Amino acid sequence: MKPFVHNIDKEFIFTDEDFIFLSQLAAQHAGINLTEDKRELVYGRVAKRLRILNIDNFKEYCSLLRQEGNEESGHFINSITTNVTSFFRENHHFEHLANNVIPEIIRKNANAKLPRLRIWSAGCSTGKEPYSIAMVLREKIDNIDCWDAKILATDLDSDVLHTAEQAIYPIDGVDQVSDERKKKWMLMGTGDNASSVKIKKEIRDLVYFKQLNLTEQWPIHGTFDCIFFRNVAIYFKRPTQVNILNRFADCLDSNGTLFVGHSESLIGLSERYINTGQTIHQKIA
Ligand SMILES: C[S@@+](CC[C@H](N)C(=O)[O-])C[C@H]1O[C@@H](n2cnc3c(N)ncnc32)[C@H](O)[C@@H]1O
């Protein structure tokens, strides 16, 4: 731990005590592990809230968060989540979905009157991940409108969910999407909106956004064919990772697929999956 510093070169005084309080709050509310090396990040993110609220030191901000029923806790959590995402991020997952997972789901449903498909994007951020999944579903299942098909997309951060529901993105944020897909699944803005795109209704209609804290109870009914849990576990401590991975196994169909992020591994965390590809895991039936 760094010694107590009256950081005179900074806009706001930020003490060890303030950092400890905020990191404990982040761990309690969201399972987010803010280690000592995140001190500058916390300062930078939370300083924005102090400016908005016209508060001139962290001590006062922490007092506000200590008040029961305060409305700031949600904003604090939103400020410390990391929401980096992109369309077709780690594209090999979408190829696996298209070439392996979906054909298997189609085969499983061959005799079903109402074929069923459920995918969960857990920690969906601004929606680019679930909308990428929806594009693949539309491309691979011609008669998807005759299916009971849903993508559940959840996040703790209410700000990113708001963006996700709007489904409008700056045009430079869709670079990873092929021109063919852009043409097929996105509406290009015109006039004042020329620098943005909107996801088409047939894609939006497959996705259901909900606020959900992965470290709390999940109001989830039924099972999923696959779960995308990518680039979220890295922010949690090991016991939280273990707990969530095992609960995902309870929510997956037998042989269901779990996708995790490029720097995440299940080794030593859960024995309920086998590795079937690069950061791709299958539930052991
Ligand atoms: C880096 S983004 C990953 C987005 C997407 N899955 C991807 O890989 O592109 C991590 C997301 O996890 C969310 N998150 C963090 N803690 C969470 C929690 N306890 N419950 C639910 N979501 C959480 C954050 O709000 C953030 O949007």
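Q: Before residues come up, what makes a residue buried, exposed or partly exposed?
A: A residue is buried if 20 or more other C-beta atoms lie within 10 Å of its own. It is exposed if there are 12 or fewer, and partly exposed in between. Keep in mind that this is a predicted model.

Q: Where does Leu-50 lie?
A: In helix H2, residues 39-53.

Q: And which residues is Leu-50 in contact with, leaving aside neighbours within four places in sequence?
A: Phe-12, Ile-55 and Tyr-61. Tyr-61 is eleven residues from Leu-50 along the chain, and their C-alpha atoms are separated by 7.0 Å.

Q: What's with the phi of Asn-54?
A: Phi is positive there, about 60°, although Asn-54 is not a glycine. Most residues other than glycine have a negative phi.

Q: Is Asn-54 buried or exposed?
A: Exposed, because 6 other C-beta atoms lie within 10 Å of Asn-54.

Q: Now Glu-90. What is its phi near?
A: Near 55°, a positive value in a residue other than glycine. Glu-90 is found in the loop between H4 and H5. It has 18 C-beta neighbours inside 10 Å, so Glu-90 counts as partly exposed.

Q: Zooming out, how is the chain divided?
A: Into domain 1 (16-80) and domain 2 (91-283). Their centres, taken over C-alpha atoms, are separated by 30 Å.

Q: How many residues of each domain are in contact with the other?
A: Seven residues of domain 1 are in contact with eleven residues of domain 2.

Q: Which helix gives the largest share on the domain 1 side?
A: Helix H4, residues 72-80, with three residues.

Q: And by class, what does that side of domain 1 have?
A: Three nonpolar residues, four polar ones and no charged ones.

Q: Stay with H4. What about Ser-73?
A: Ser-73 is found in helix H4. With 14 C-beta neighbours inside 10 Å, Ser-73 counts as partly exposed. Leaving aside neighbours within four places in sequence, Ser-73 is in contact with His-29 and Leu-65. Ala-26 is 47 residues from Ser-73 in sequence, but 9.5 Å from it in space, C-alpha to C-alpha.

Q: Where does the ligand lie, and why there?
A: Between domain 1 (16-80) and domain 2 (91-283), because both give residues to the shell around the ligand.

Q: Which residues come nearest to the ligand?
A: Of the 24 residues around the ligand, Thr-81, Thr-85, Gly-123, Ser-125 and Leu-156 come nearest. By class, the shell divides into eight nonpolar, eleven polar and five charged residues.

Q: Change of topic. Which residues touch the most other members of the largest nonpolar core?
A: Ile-133, Ala-134, Ile-151, Ile-227, Phe-229 and Leu-258, out of 53 residues in that core. Helix H6, residues 128-140, gives the largest share, six residues.

Q: What does Phe-229 touch?
A: Not counting residues up to four places away in sequence, Phe-229 touches Ala-122, Gly-123, Phe-248, Leu-258, Phe-259 and Val-260.

Q: What about a second core?
A: A second, separate core has 13 residues, including Ile-32, Val-46, Phe-58 and Leu-156. Leu-156 is also one of the residues that come nearest to the ligand.

Q: Back to H6. Is it mostly covered or mostly open?
A: Mostly covered: ten of its 13 residues are buried. Among them are Lys-128, Glu-129, Tyr-131, Ile-133 and Leu-137.

Q: How does the span of H6 work out?
A: At 1.5 Å a residue, the 13 residues of H6 should span 18 Å. The end C-alpha atoms of H6 are 19 Å apart, which agrees. The expected span uses one less than the number of residues.

Q: Last one. What about Glu-95?
A: Glu-95 is found in helix H5, residues 91-108. It is partly exposed, because 13 other C-beta atoms lie within 10 Å. The C-alpha atoms of Glu-95 and Trp-120 are separated by 17 Å, and the two are 25 residues apart along the chain.

Notes. Residues are numbered from 1 along each chain as its sequence is written. This is a predicted model: local features need pLDDT of at least 70, side-chain atom pairs count only at pLDDT 80 or more; totals for chains, interfaces and linings use all residues. Domain bounds come from an automatic or database domain assignment. Two residues are in contact if their C-beta atoms, placed from the backbone, lie within 7 Å. Helices (H or I, at least four residues) and strands (E, at least two) are DSSP runs, numbered from the N terminus. Ala, Val, Leu, Ile, Met, Phe, Trp, Tyr, Cys and Pro count as nonpolar, Asp, Glu, Lys and Arg as charged, and the others, Gly among them, as polar. A residue is near a molecule or strand if its C-beta atom, placed from the backbone, lies within 6 Å of it. A nonpolar core is a set of buried Ala, Val, Leu, Ile, Met, Phe, Trp, Tyr and Cys residues joined through C-beta atoms within 7 Å.
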